[in-house]
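Colleague: I'm new to this one, could you walk me through it?
Modeller: Gladly, let me put it up and we can go piece by piece.

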Amino acid sequence: MRSRQYGADVLAAGNELSRRRPGQREVPKVAAERGLVVEDSEGRFCGAVVGYEKGAVTLENRHGKRRVFPLTPAAFLLEGQPVTLVPPAPAAAPARTALNSGTTASGSVAAPAAERARAKVARASRIYVEGKHDAELVEKIWGDDLRDVGVVVEYLEGIDDLPAIVRSFSPAPDRRLGVLVDHLVAGSKETKIAASVRSPDVLVVGHPFIDIWAAVRPSAVGITAWPDVPPGQPWKEGVLRAIGWPPEVPAAWRRILRSVSSYADLEPELLGRVEELIDFVTMPGSA
């Protein structure tokens, strides 16, 4: 069911809205790409683009409620500024990936096509990351490499679960466990937990960022820097407030993940740690 009547064509010749006053700033036009987070100009509904049909766009908010809006001029706000949504561009040619460029998103040399097509048996060794967002980012950049060597990535749901997971996993020389931890800095809770599971067959490495979002280069997502959030405040929500994005964490993450296409969009502190884990769980003698 549509959320409102479309009414007359506001762009029709003679319509007062179609005539911009002299000196009036032109409202930017933005493609209604899936995942783009906007709110209607009246500030009554905020959501991510989940569908497009001729002349209308469907938004879904964080509660799963959907509404359909006509693509009229200046009908939406993007990061607090009026914009006019326009139809998304036709699907572009497939991006250069391991399938057609000879390299993977991580910059590694891709395996020959015949070898990629061959089914792989998963190794007993595993890599764990701290959360769903971490796992999705690792998959996007290193997914081709990991599938090629048969390494499965799982996530912890939280660093506090690590000791129990290590005990259950029962690491051994042919069954190695690599772990990527957020905010692994001296004196932190994460560092103490990592030290408690130290073993020749367990490698825990980490990046200094408080959250995996900040391992994405700010320029990739169109900001100058990731803002500082005062202690005691939820970090993601604080970041969204500071940079003026709508307070929709899942939609913000989709936007960030969309902005990442290769290793060049990530900070070196993350790149080195993931490569170290892959080497650890695939070195000779591991399975």
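Colleague: How many bridges join strand E4 to E5, and which way do the two run?
Modeller: Strand E4, covering residues 56-60, is joined to E5 by 5 bridges, and the two strands run antiparallel. Please keep in mind that this is a predicted model.

Colleague: Which residue in E5 is the bridge partner of Ala-56?
Modeller: That is Pro-70, which lies in E5 and pairs with Ala-56.

Colleague: And what is the order of the strands in the sheet they belong to?
Modeller: The order is E1-E7-E6-E2-E3-E4-E5, which makes an open sheet of 7 strands with mixed pairing. Strand E1 (29-31) and strand E5 (66-70) are at the edges and have a single partner strand each, so one side of each is left without a neighbour in the sheet. From one strand to the next, the twist averages 50°.

Colleague: How many bridges join E10 to E11?
Modeller: There are 5 bridges between strand E10 (residues 177-181) and E11, and these strands run parallel. One of the paired positions is Val-181, whose bridge partner in E11 is Gly-206.

Colleague: At what angle do H2 and H7 pack?
Modeller: The angle between H2 and H7 is about 25°, with the axes 12 Å apart. Angles under 35 degrees count as roughly parallel, and H2 and H7 are therefore roughly parallel to each other. Their crossing is right-handed.

Colleague: Which residues meet there?
Modeller: From H2 they are Leu-137, Val-138, Trp-142, Leu-146 and Val-149, and these meet Leu-270, Leu-271, Val-274, Glu-275, Ile-278 and Thr-282 in H7. Sorted by class, the contact of H2 with H7 has 9 nonpolar, 1 polar and 1 charged residues.

Colleague: And how far apart are the axes of H2 and H6?
Modeller: The axes of helix H2 (residues 132-149) and helix H6 (residues 249-259) are 11 Å apart, and the helices pack at an angle of about 20°. H2 and H6 are therefore roughly parallel to each other, and their crossing is right-handed. His-133, Glu-136, Leu-137 and Lys-140 of H2 make the contact with Val-249, Trp-253, Leu-257 and Arg-258 of H6. By class, this contact of H2 with H6 has 4 nonpolar, 1 polar and 3 charged residues.

Colleague: Last topic: where is confidence lowest and where is it highest?
Modeller: Across the protein chain the pLDDT averages 80, and 80% of the residues score at least 70. Confidence is lowest in helix H1 (residues 113-117), with a mean of 49, and highest in helix H5 (residues 235-243), at 94. Over residues 1-22 the pLDDT is below 50, and over residues 92-100 it stays under 50. Where pLDDT is low, the predicted coordinates should not be read in detail.

Methods:
Residues are numbered from 1 along each chain as its sequence is written. This is a predicted model: local features need pLDDT of at least 70, side-chain atom pairs count only at pLDDT 80 or more; totals for chains, interfaces and linings use all residues. Side-chain values use heavy atoms; hydrogens and water are left out. Axes are lines fitted to C-alpha atoms, for helices over the stretch in contact, and angles run from 0 to 180 degrees between N-to-C directions. Helices (H or I, at least four residues) and strands (E, at least two) are DSSP runs, numbered from the N terminus. Angles under 35 degrees count as roughly parallel, over 145 as roughly antiparallel, 65 to 115 as roughly perpendicular and the rest as oblique. A crossing is left-handed if the near helix is turned anticlockwise from the far one by less than a right angle, and right-handed if clockwise. Contact means heavy atoms within 4.5 Å. Ala, Val, Leu, Ile, Met, Phe, Trp, Tyr, Cys and Pro count as nonpolar, Asp, Glu, Lys and Arg as charged, and the others, Gly among them, as polar. Two strands pair if DSSP finds at least two bridges between them. pLDDT is the predictor's confidence in each residue, from 0 to 100.
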